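I opened this notebook to record what I looked up in one structure.

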Amino acid sequence: MASIGTTALVIEATDGSLEVDNRRPRRKKFRTWRLIVMVLAAAYFLAPLYAGLKFALQNDSGHFSFWAFQTLPSSQGFSAAFFLSMRLAIFTAVVELLLMVPTAIFVHLRLPKLRPMMDFVTILPIVVPPIVLIVGVLGSAPLWLKSSPYLLSVFYVVLAMPFVYRSLDAGLTAIDLRTLVEASRSLGGSWIRTLVSVIMPNLRAALLSATALTLALVFGEYTMANLDGWTTMPVWIAQFQQSDAHVTLAAAMALLIGTWLLLSLIVAADRSQSRRRRRRAGTP
Amino acid sequence: MAPFCIYTGVGLGVPIVYIIRNAFLTFQGKFTFSNMSLLVHGTYLKGFENSLLLSLLTSVVPGILGVFLAYSIVTSNSAVLKRMVATASAVLANFGGINLTFIFIAAFGTTGIITGWLNFVHIDPWNHGFDLYDFYGVAFVYLYFQLPLMVLVITPALGGLRQSWREAAQNMGASNWRYWRHVGIPVLMPSILGGMLLLFGSSFAAYATAETLTLGTVTLAPIQIGDTLAGNAIAGEANIGFAIALGMLVVLSITMIFYGLARRRASKWLR
């Protein structure tokens, strides 16, 4: 902004008053335009949230009450759905990290040439959305796996891969992995020890955001769970709508707020990571 | 590395191969083109057309609005606002699905709270062609996660517009309009198109929001896949689901290839 001002000053001094007259009103108009855009956007994004919250905080006669939130935990089927989602989320996150952490470290350490290819492979799940994936899965999965809800987890791992790899990749780029590993190895640390006590603590932020993303994904995934016939949290919300709209809204809002917190955590973690990267770049 | 390759191969490869194979098989397992021919005729073609139209609408409109929104934020002086919008965009871009459906019904449904406010000032949107549960209703709801996605994608590009370019243009006597016409927009174009392609893909692949909002009354390709999986396919068309899935794979692959090209072109200017 400062440099625009300087340029304007230069023009004013050389070209005379005409430029000045043109300049002032245009900048003012620009500010109004910006205000309008922001107010409209804020209205569009806040209105449904406000309505959802207001509706969730009403009882059946339309008065303000925490009734829906209080009824929610004891609602028919809620706890079963919640714990199913929880189990799937934990299982997915564990498998995801066991699979992706060693892979990402290995690629960074030994096969940096493979990084562009990894970028490509990990973007593939975006091309194969849940609705397409489930068609192939339900057709091709063996029966013993199809009868278990963990079938979903197996493929949630695939769906979460792009996000998890991205965040691990960013985390690994931010640290001097090679030096850390060489130092640990030459001091006699085993590979496991290097991984657990040297690399992992340095990847805290990346691991945190990878886990949070996985949890958010599992708790929000409706398509595959519904078509596979398992009542996870989102599926329960859709089904319970026929019973009580206020309780449904309370569940939806709770899920939204939970996701919001998880994802804000990620953004915060990313920020601390990039601060760190800057610090590293700054020191010789 | 090996566990990763095996997992990806099995988790992604097997379902895809199975889809491609079964798209060309009858339910009894004989080779046929009839699934693919169903796909390009009648109701399934309609579903595909609707999906493409919806994706086009919900990529171009939020794409353009997103640029303006992102620009108004990038050029603001408030660091707090910038950080808030960055967080909000990252969160809202992932908001699709069932929760979104319900908060929109609570706000804009026939008895919704915003509808109530509008009724209070004697405007009934539902009497003026607004319907939350039709094609445009779905588009209206998609805007909620598409717009933040565009803001996320385009913000780095807007940040890459160098102040010196504008100063150079101004020093040579260019007006604001001419600066945008000859410098700003051409430089941003690959990023804008790339963002729109990403939005197109995201909208084309979406199922949960449209399904729960319209309860399947809007004919879209993903909803038709869901119907066949729920056992609602007509006899003799049992494998049509695989054909639709294959069609979607093809569309999404093409979209992502162009997205990749646009990204590469964009990085030329905006380093």
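The entries below follow that order.

**Conventions.** I noted that this is a predicted model, in which local features need pLDDT of at least 70, side-chain atom pairs count only at pLDDT 80 or more, and totals for chains, interfaces and linings use all residues. Residues are numbered from 1 along each chain as its sequence is written, while chains are lettered from A and ligands numbered from 1 in the order in which they are written.

**Confidence.** I looked up pLDDT, the predictor's confidence in each residue, from 0 to 100. Chain A averages 78, and 85% of the residues score at least 70. Helix H1 (residues 2-15) of chain A is lowest, with a mean of 30, and helix H4 (residues 78-109) of chain A is highest, at 90. Helices here are DSSP runs (H or I, at least four residues), numbered from the N terminus.

**Chains A and B.** I counted residues as in contact if their C-beta atoms, placed from the backbone, lie within 7 Å. Chain A gives 59 residues to the contact and chain B gives 56. On the side of chain A, helix H2 (residues 17-56) supplies the largest share, 13 residues.

**Helices H9 and H10.** I found that H9 (residues 177-186) and H10 (residues 191-202) of chain A pack at about 155 degrees, with axes 10 Å apart. H9(A) is therefore roughly antiparallel to H10(A) (an angle over 145 degrees). Among the residues in the contact are A:Leu180 of H9(A) and A:Val198 of H10(A).

Key:
Axes are lines fitted to C-alpha atoms, for helices over the stretch in contact, and angles run from 0 to 180 degrees between N-to-C directions. Helices (H or I, at least four residues) and strands (E, at least two) are DSSP runs, numbered from the N terminus. Angles under 35 degrees count as roughly parallel, over 145 as roughly antiparallel, 65 to 115 as roughly perpendicular and the rest as oblique. Two residues are in contact if their C-beta atoms, placed from the backbone, lie within 7 Å.
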